[in-house]
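Colleague: Hello! I would like to learn how to read a few features of a protein model. Could we go through them together?

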Amino acid sequence: MDPLFIVALLVLGACTGFAAGLLGIGGGMIMVPFLTMLFTWQRLPPELVVHAAIATSMASILFTSVSSVRAHHKRGAVRWDIVARFAPGLVIGGLLAGGAVFSALKTGWLALVFALFVGYSAIQMLLDKKPKPTRQMPGTLGTSAAGTGIGFLSGLVGAGGGFVSVPFMTWCNVPLHNAVATSAALGFPIALANTAGYIWSGMQHPSGQPGMLGYVYWPGLIVLIVSSVLLAPVGAHTAHKLPVRSLKRIFAYLLMLLAAYMLYKAVTALTGA
């Protein structure tokens with residue numbers, strides 16, 4: 001890796017680590033578009049760029065989620081009861097996405113799925129619809145079923161699930177700061193299941209590209225981890241100082257920008273422009 005590429009990865013890791021702690025999104029929602037740019041700049045094969053960006057992003061969440069959760073847990077913000085109900089479904093959904101569907105999708109379709117779901121999440125946040133006061137989190141079976149969907153979608157877009165789990169929990173009247181903290185904890189089982197799936201499915205379609213472990217670009221992953229793990233606790237600390245409305249708006253506008261970029265990538269890949 002050339003020095004400029006390493007510096008870019010360090011900066012990206014620092015920014016996404018901070019965002020992981022601040023917003024409970026695992027950093028993947030930011031990391032995937034920028035890794036797509038960086039891997040394109042490094043001239044990875046076009047058919048591999050988005051797959052590698054998603055898989056490498058997800059693998060990094062294994063580390064940033066632990067760092068972020070420790071900071072949130074110290075403040076008593078993580079709802080571990082909700083994590084326990086989500087976890088089985090998250091693992092099932094992640095294995096289905098990372099191990100089965102991911103390798104079958106072309107680059108353009110992956111980028112389109114990313115753009116649509118991230119854009120939808122941003123709009124929901126900006127609308128700020130108030131849930132019914134009586135609505136609560138579903139029981140174990142319902143939460144696990146929701147977790148399967150979240151784990152599956154996360155596996156297709158390389159994110160820790162916060163773009164769906166945070167709106168879902170706030171819709172069920174979980175306070176936003178608790179939802180962000182709990183979402184950070186959910187990132188670990190999502191990342192574990194999907195990363196295992198990406199490595200396995202990538203090995204079934206070897207690329208011959210140096211530095212690839214399945215679909216994970218491991219030299220870049222190591223650089224990303226160094227800075228992201230250091231900044232995740234700083235983001236978590238900041239999250240508890242910001243008002244809820246500001247936190248929602250930061251989350252929503254950031255997601256809209258990233259959705260627009262990935263929509264552009266999808267259109268160019270699908271049309272051959």
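Modeller: Gladly! UniProt positions follow the numbering used here, feature names are shortened, and annotations may be inferred rather than shown by experiment. This is a predicted model, where local features need pLDDT of at least 70, side-chain atom pairs count only at pLDDT 80 or more, and totals for chains, interfaces and linings use all residues. Residues are numbered from 1 along each chain as its sequence is written, and side-chain values use heavy atoms, without hydrogens and water.

Colleague: Which residues does the annotation "transmembrane region" cover?

Modeller: The unreviewed UniProt entry gives 48-70, 82-102, 108-127, 139-159, 179-200, 212-230 and 250-267.

Colleague: How much helix and strand is there over residues 108-127?

Modeller: Helices (H or I, at least four residues) and strands (E, at least two) are DSSP runs, numbered from the N terminus. Residues 108-127 are 100% helix and 0% strand, with end C-alpha atoms 29 Å apart. The span 212-230 is 68% helix and 21% strand, and its end C-alpha atoms lie 25 Å apart.

Colleague: Is Gly-162 buried or exposed?

Modeller: Buried means under 20% relative accessible area, exposed over 50%, and partly exposed in between (1.4 Å probe, protein chains only). Gly-162, in helix α7 (residues 162-171), has a relative accessible area of 0%, so Gly-162 is buried. The C-alpha atoms of Gly-162 and Ser-121 are separated by 9.6 Å, although these residues are 41 apart along the chain.

Colleague: And why does Leu-10 count as partly exposed?

Modeller: Leu-10, placed in helix α1 (residues 3-23), counts as partly exposed because its relative accessibility is 32%.
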